[in-house]
Amino acid sequence: MAGTDTGRDGADQDRDTGQDRNRDTGQASERGQDQDGAAEFREFFDRHYAELARLAHLLTGETDAADDLAADAMLALWHRWDRVRAADHPAAYARGVVANLVRTRIRGTVRERRRIAAFWDRRPEHTEDPDVPAVIDVRTALRALPFRKRACVVLRHAFDLSERDTALALGVSVGTVKSQTAKGMAELQKLLGERAATELAAGRR
């Protein structure tokens, strides 16, 4: 009996040791994966933060808000990094997060709506000089566009994204991107004149 008990105790110890070893190995593996994920996120942050801030700036026209929105987007991306890193187009996913944050900000800001309404009320009905529209604040003109048109114009022209990538970022169809971009550019041309609108779309203003 003593020999049997001794053998059983030894087997239990071996099993416990094996479980401890497996648990330690699993924990080390998880730590390694966490470190890899953190390193990948830092690289993504360094590569895309400025781009996301620029996108937010063009969509809002506000420098301080753009930095805040880009930072908020990066925080949201970090919290769901496993999903982001597994996405087919992580950068498009990130642009979509920024676009959603901007949309929420615009919808919740009554002051923004009032500024847009005031801008439309102040627009001159007629001008003799075709270059006069060029002096209108182009950011205000962009803000005068409905959000989806504005986002399509900015992503297609200022960021030079394809129709497909723009659709991915905004979660809409390619057909919607085509129509909203065309309508947005037409409205900008009415506000700014064809030359100024073209320069704005090309990101030169």
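Helices (H or I, at least four residues) and strands (E, at least two) are taken here as DSSP runs, numbered from the N terminus. Read that way, the protein chain runs α-α-α-α-α-α-α-α-α-α along its sequence, which comes to ten helices and zero strands. This is a predicted model, where local features need pLDDT of at least 70, side-chain atom pairs count only at pLDDT 80 or more, and totals for chains, interfaces and linings use all residues. Residues are numbered from 1 along each chain as its sequence is written, and side-chain values use heavy atoms, with hydrogens and water left out.

Buried means under 20% relative accessible area, exposed means over 50%, and partly exposed is in between (1.4 Å probe, protein chains only).

The expected span is 1.5 Å times one less than the number of residues in the helix.

| Helix | Length | Span, first to last C-alpha | Expected span |
|---|---|---|---|
| H2 (residues 63–79) | 17 residues | 25 Å | 24 Å |
| H4 | 18 residues | 26 Å | 26 Å |

H2 buries Ala65, Ala66, Leu69, Ala70, Ala73, Met74, Ala76 and Leu77. In H4, the buried set is Ala91, Ala92, Ala94, Arg95, Gly96, Val97, Val98, Ala99, Val102, Arg103 and Ile106. Two arginines, Arg95 and Arg103, are on that H4 list.

**The aromatic rings**

A pair of aromatic rings is described by the distance of the centres and the angle of the planes. Rings of Phe, Tyr and Trp (its six-membered ring) pair if their centres lie within 6.5 Å; planes under 30 degrees apart count as stacked, over 60 as edge-to-face and the rest as tilted. The structure holds five such pairs. In one of them, Phe41 and Trp81 have ring centres 5.3 Å apart and planes at 80°, so that pair is edge-to-face. Phe41 belongs to helix H1 (residues 2–60) and Trp81 to helix H3 (residues 81–86), so the contact ties together parts that are 40 residues apart in sequence. Both Phe41 and Trp81 are buried.

Phe45 and Tyr49 make a stacked pair, with 5.0 Å from centre to centre and 20° between the planes. These two sit four residues apart in H1, so about one helical turn separates Phe45 from Tyr49. Phe45 is partly exposed at 31% relative accessibility, and Tyr49 is partly exposed too, at 23%. Zoom out and ring pairs link Phe41, Phe44, Phe45, Tyr49, Trp78 and Trp81 into a cluster.

There's also a charge to look at. A charge sits over a ring if NZ of Lys or CZ of Arg is within 6 Å of the ring centre and within 35 degrees of the ring normal. Arg54 does this with Phe159, lying over the ring face at 4.7 Å from the ring centre.

Angles under 35 degrees count as roughly parallel, over 145 as roughly antiparallel, 65 to 115 as roughly perpendicular and the rest as oblique. The axes of H7 (residues 147–158) and H8 (residues 163–170) come within 9 Å and cross at roughly 135°. That makes H7 oblique to H8. H4 (residues 90–107) and H8 have axes that come within 7 Å and cross at roughly 55°, so H4 and H8 are oblique to each other.

As for hand, a crossing is left-handed if the near helix is turned anticlockwise from the far one by less than a right angle, and right-handed if clockwise. The H7 and H8 crossing is right-handed, and so is that of H4 and H8.

**A few residues worth a click**

Most residues other than glycine have a negative phi, and most peptide bonds are trans. Asp160 has a positive phi of about 55° although it is not a glycine. Look for Asp160 in the loop between H7 and H8, where it counts as exposed at 65% relative accessibility.

Val154, in H7, is buried at 2% relative accessibility. Val154 and Thr181 are 27 residues apart in sequence, with 8.8 Å between their C-alpha atoms.

Gly175 is in H9 (residues 174–192) and is partly exposed at 44% relative accessibility. Between the C-alpha atoms of Gly175 and Arg164 there are 9.5 Å, with the two residues eleven apart along the chain.

Key. Axes fitted to C-alpha atoms, helices over the stretch in contact; angles between N-to-C directions.
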